[in-house]
Amino acid sequence: MEGGFILCFAAVMLFMAPAVKATAHLSFANNTQVSITRAGCGSTKVCVETPTDCDPAGNDTCLFGSAVAAAPVAPNGAEVTVQLRGNSTGYIALGLTADESQGNTMLFICAQNSSDGGKFFFRTMKRNNTSEMLSATETPVKEIRGLVNGSLIQCEFVVPNVNASTTRNTQDTSFKVLLGSGPVTGSMIGAFAVALTSGVLNLADPSGNGTNTTVAPTTAGAGSVLHSYALLLLLGVVALSFTHRA
């Protein structure tokens with residue numbers, strides 16, 4: 001019976017683990033002022049949004065993201081400045097990937113903790129583009145600023161050392177950009193529902209991309225960190241029951 005309790009306890013700890021994250025890789029700005037507009041779209045920053053041409057400074061429902069990369073510095077990559085705005089009672093996210101159908105997506109999550117008065121928090125995750133599973137990563141992010149007002153979440157942040165190339169000698173700032181949202185339970189991140197997938201965009205050349213976005217249907221997503229942890233919890237409970245009967 002003791003062994004069953006240990007297994008069950010371990011499964012519960014695994015289920016809770018996504019809510020407990022080290023934050024040494026994250027640094028926050030001294031102020032929380034966030035101002036996101038369309039100013040500079042197509043000239044000084046790359047913008048993606050849904051609905052098309054929606055105004056992030058307005059009161060309408062607008063899921064908006066912008067990014068601009070500084071000149072890459074070998075072998076580290078480029079520093080990318082990101083703005084993200086959308087409506088969610090959980091989280092909104094922007095992802096960078098070379099190919100949304102395979103490999104991985106770097107996912108940057110701006111969220112609110114509804115069980116803690118809607119307090120803003122930030123996470124970095126990795127999305128497996130085949131299984132859609134999310135896993136925690138410690139991608140360095142700095143100068144994070146976030147603001148929550150009801151269901152409206154706004155955030156700005158800087159990601160250093162970004163490189164789309166798998167070869168460190170090659171500097172590549174071209175990515176497909178994903179926008180989407182998902183639920184939060186406490187501070188646990190649920191499934192990521194993709195609302196928009198762009199074409200390939202060069203984040204270092206905002207004026208050279210043209211209109212290169214496609215809207216993807218929003219789905220619940222087959223992948224979620226919750227699914228695997230819930231399964232582990234269930235297995236632990238079954239093991240406990242079996243041991244008790246024995």
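**Disulfides in close-up**

**View 1. The C110 and C155 disulfide is right-handed, because the torsion about its S-S bond is about 90°.** This pair links distant parts of the chain, with C110 in strand β6 (residues 104-113) and C155 in strand β10 (residues 152-162), 45 residues apart; strands are DSSP runs of E, at least two residues long, numbered from the N terminus. The sulfur atoms of C110 and C155 lie 1.9 Å from each other, a disulfide being a pair of cysteine sulfur atoms within 2.5 Å. C110 counts as buried at 0% relative accessibility, and C155 counts as buried at 0% as well, where buried means under 20% relative accessible area, exposed over 50%, and partly exposed in between (1.4 Å probe, protein chains only).

The model is predicted, so local features need pLDDT of at least 70 and side-chain atom pairs count only at pLDDT 80 or more, while totals for chains, interfaces and linings use all residues. Residues are numbered from 1 along each chain as its sequence is written, and side-chain values use heavy atoms, with hydrogens and water left out.

**View 2. C41 and C47 are joined by a disulfide with an S to S distance of 2.0 Å.** The link of C41 and C47 is left-handed, with -85° about the S-S bond. C41 is partly exposed, at a relative accessible area of 23%, whereas C47, at 17%, is buried.

**View 3. C54 and C62 form a disulfide with their sulfur atoms 2.0 Å apart.** The torsion about the S-S bond of C54 and C62 is about 65°, and therefore this disulfide is right-handed. Both C54 and C62 are buried.

**View 4. The structure holds 3 disulfides.** When the bonded cysteines of the protein are numbered in sequence order, their pairing reads 1-2, 3-4, 5-6.

Conventions. Helices (H or I, at least four residues) and strands (E, at least two) are DSSP runs, numbered from the N terminus.
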